[in-house]
Amino acid sequence: MRVWYNRTFSSVYAAFKLIRQADTAGRFTIIHSNANRHTPAARVAHEFYSEPTGLEPDAYVDWCLQFCRKQGIAIFVPGREATTLSAHHARFEAIGTRVMSAATPSKLQLIHDKAAFYAETRLEQAPVAEFRHFESVQGFDAAWAELRPRHARLCLKPSHSIYGLGFAVIDEERSSAALLLAGVEYHIGYADLRRGLAELGQFRSMLLMEFLDGHEYSVDCVGDNGRLVAAVARRKLASGSGQRIDMRPDIVEATTQLARDYGLNGIFNVQFRESGKGQEKRARLLEINPRMSGGIGMACMAGPNLPWIALSGFANGFDTVEVPEVRNGMRVVEVQQAMELA
């Protein structure tokens with residue numbers, strides 16, 4: 001069965017290795033495409049093809065249809081333009097290709113817009129952090145006046161972002177230069193921030209939020225149209241200490257509800273972070289990533305081979321897939337490895 005993963009995040013390299021490791025019968029032919037022919041994933045796919053650049057979304061969908069028809073693709077797992085492609089399942093099915101999307105187009109759009117996602121989501125086990133949306137310095141000032149009296153520290157991030165780009169904790173004591181010289185990452189001085197926002201006038205959608213200062217949890221999952229099939233929760237430890245597999249019941253329960261509420265499918269990831277101290281400590285929802293995480297390899301060390309479970313279940317039905325028990329409590333880490341590129 002020919003399976004195509006188009007351009008996506010670098011973690012697909014680990015996913016290909018895991019799938020090929022599990023596929024001892026050679027049932028799947030893994031095909032990868034990317035505009036960068038030097039991508040490491042090209043070394044572990046069975047076949048690699050170059051992708052065009054500069055196409056508008058609709059033109060890219062047409063190119064994908066042509067590619068599937070020409071290459072005889074049975075299953076397409078989109079990364080690039082995943083939201084756009086999720087609206088075209090019927091066109092692919094007409095040529096014999098099933099598309100594994102993480103959710104419907106409307107749900108994917110909602111997940112990617114954090115302001116709308118936070119406003120929509122009701123999660124008793126792990127409520128979202130208190131936040132205000134702003135697009136001008138006047139909006140920032142109003143949000144600050146509301147939130148600052150209730151929280152010790154505030155942070156900000158864009159409504160649309162990945163990898164934490166644009167996230168910063170707001171420091172009321174030090175300037176951005178002082179923070180830079182002190183080697184403090186992901187922080188910005190309040191006065192510098194406010195002055196910069198005033199100079200911009202109107203800008204893209206941003207969120208001012210309470211800062212959550214506890215442990216961060218990353219949950220790698222496989223879903224079957226809203227049913228949580230498998231999940232592995234990792235607790236991030238201090239730098240250099242690896243990560244701990246920690247299947248906290250409240251976090252697993254919250255993830256199960258999110259999968260159900262958003263109809264999540266295939267591989268996805270959910271991020272949480274703790275807030276509070278002592279008895280008041282609790283998990284809070286950060287975001288859903290409708291794709292595999294960068295730490296997918298660490299999660300799979302705990303037992304379930306998530307990329308394999310997702311692909312095999314989608315291809316043949318999840319009742320045919322065995323999900324191993326998670327080795328709760330183990331400590332994992334990823335190490336860099338040198339390799340020659342093509």
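In strand S12, the bridge partner of Tyr 217 is Arg 235. Helices (H or I, at least four residues) and strands (E, at least two) are taken here as DSSP runs, numbered from the N terminus. The model is predicted, so to speak of local features a pLDDT of at least 70 is needed, while side-chain atom pairs count only at pLDDT 80 or more and totals for chains, interfaces and linings use all residues. Residues are numbered from 1 along each chain as its sequence is written, and side-chain values use heavy atoms, with hydrogens and water left out.

Buried means under 20% relative accessible area, exposed means over 50%, and partly exposed lies in between (1.4 Å probe, protein chains only).

A nonpolar core is a set of buried Ala, Val, Leu, Ile, Met, Phe, Trp, Tyr and Cys residues joined through side-chain atoms within 4.5 Å. The largest one has 38 residues, of which Leu 258, Tyr 262, Leu 264, Phe 272, Leu 285 and Ile 288 touch the most other members. Among the elements that give two or more residues to this core are strand S11 (216-224), strand S12 (227-236), strand S14 (266-275) and strand S15 (282-289). Helix H10 gives the most, with 5 residues. A second, separate core of 23 residues includes Val 232, Met 298, Cys 300 and Val 326.

The bridge partner of Tyr 5 in S2 is His 32. From S1 the chain crosses through helix H1 (residues 12-22) to S2, and this β-α-β crossover is right-handed; that is, with the strands pointing away from the viewer, the path from the first strand over the helix to the second runs clockwise. S1 also pairs with strand S4 (residues 75-77), in the parallel sense over 3 bridges, and in S4 the bridge partner of Tyr 5 is Val 77.

Aromatic rings come next. A search of the whole structure finds 17 aromatic pairs; rings of Phe, Tyr and Trp (its six-membered ring) pair if their centres lie within 6.5 Å, with planes under 30 degrees apart counted as stacked, over 60 as edge-to-face and the rest as tilted. Trp 4 and Phe 67 form a tilted pair, 4.3 Å centre to centre with 35° between the planes. This pair links Trp 4 in S1 with Phe 67 in helix H2 (residues 57-71), 63 residues apart, and both Trp 4 and Phe 67 are buried. Ring pairs also join Trp 4, Tyr 49, Tyr 60, Trp 63, Phe 67, Phe 76 and Phe 92 into a cluster. The charged end of Arg 80 sits over the ring of Tyr 60, 3.8 Å from its centre, a term that requires NZ of Lys or CZ of Arg within 6 Å of the ring centre and within 35 degrees of the ring normal.

Definitions and conventions
Two strands pair if DSSP finds at least two bridges between them.
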